[in-house]
Amino acid sequence: MGEYFDALETRSADERDAALAAALPRQVAHAKASTPHYARLLADADPTTPLAMLPVTRKSALIARQASDPPFGGVVAAPFASLARVFASPGPLHEPEGAGPDYWRYARALFATGLRGGELLHNCFAYHFTPAGSMLEGGARALGCPVFPAGTGNTEAQARAAAQLRPRCYSGTPDFLKTVLEKGDELGLDLSSLRLGHVTGGAYLPSLREWYAARGLTVLQSYGTADLGLIAYESEAREGLILDESIILEIVRPGTGEPVPDGEVGEVVVTTLNPVHPLIRFATGDLSAILPGTSPCGRTNRRIRGWMGRADQAAKVRGMFVRPEQVAELLRAVSGVTKARLVIALEGERDTMTLRAEAAAADEALVERLGLALQSVTRLRGVVELVPPGSLPNDGKVIDDTRPVAA
């Protein structure tokens, strides 16, 4: 511990907060002036408006905008001809890559994994359609590392190439490295040069961590998206994921833009300082929570617990969609409730809804008001149950669909 990518990683919280507070109004003004989407969305906002008061942009809305105004929906601030690459991720959603070095900011994450200049990266992310391969390659090149663009699949060819090229570090999904190493064992190949792994794009399970550790490998993970690039990364401390230095991250109640207290699970919303693709309060649809304190590795930025599920909890009840936004709407309409969860169940062949709401005391009038609000907002009848504050699970769920899944 004690070796860092740059001085930004160890600056004080006050220094970081001041720098981000100065950068945010400039980015908001830039987005308004340079993109039709934010010119409309932030028309009534001042660049100094507090971040939590600005509207959220959801991925679903961006997909719809791109469909009506291709290719980027009026969200990219750079001329098309200036871009290095254009990608098409599932959705479909088109992502630009600017021409500058390490556009996706993955050098910081790879450095934390242990990759150093001159060492070969065996990059097993896809190089077609989606930007994952380019993300990791750009980070490695910024560190002065050559890259083998291995891409996905072809396990035997991957193992043979690694045996001959002697890479120091693997990048790819968490489980594929194990597949390549096992194939190397089967073929009697020497893959001992692989000492590091940087993984993302899938669940990194404890059993898999233990398997890599038993082979003497250091394999760390990161969290990012094709829209935003790197969001957070793991260090050798292995205690949560440290936020990238070029983003502002909020955890909000699913279905809203309202920040939740540190430690509470909610939806990850990110504002990037990227001048090419200036996303302001971009809702990822992923769940996570802020970890208290700072990392033992010495990096001082805030940490999140990592990916904890999806925030999109819409469910169909008696032919009607019920969404987290509706639960948030009824809570705004009825005072006296701090938190709520709509539990959907099946009794016989009939869908049922129970709104479990945290309240300081039992109050029949509050139950009645919540019941009326629930019916008004969802157009469905449901039961209201008041529970003590702090009794609902801290898992980010606003809608809990307990009905059995059809086989």
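Start at Thr 272, in strand E12, residues 266–272. Strands here are DSSP runs of at least two residues, helices (H or I) of at least four, numbered from the N terminus. This is a predicted model: local features need pLDDT of at least 70, side-chain atom pairs count only at pLDDT 80 or more, and totals for chains, interfaces and linings use all residues. Residues are numbered from 1 along each chain as its sequence is written, and side-chain values use heavy atoms, with hydrogens and water left out.

Buried or exposed, Thr 272? Buried, because its relative accessibility is 2%; the cut-off is under 20%, with a 1.4 Å probe and protein chains only. Leaving aside residues up to four places away in sequence, Thr 272 touches Gln 27, Arg 105, Leu 228, Ser 246, His 277, Pro 278 and Leu 279. Contact means heavy atoms within 4.5 Å.

Now the domain. An unreviewed UniProt entry puts "domain: AMP-dependent synthetase/ligase" at residues 147–271. Such annotations may be inferred rather than shown by experiment. That stretch is 26% helix and 31% strand, and its end C-alpha atoms are 30 Å apart.

Last, the lining of the largest pocket. Which element gives the most? Strand E8, with 5 residues. Helix H3 (59–68), strand E3 (93–97) and helix H5 (132–142) are also among those that each supply at least two. The lining divides into 15 nonpolar, 12 polar and 8 charged residues. Nonpolar is Ala, Val, Leu, Ile, Met, Phe, Trp, Tyr, Cys and Pro; charged is Asp, Glu, Lys and Arg; the others, Gly among them, are polar.

Methods
Buried < 20%, exposed > 50% of the residue type's maximum accessible area, 1.4 Å probe, protein only.
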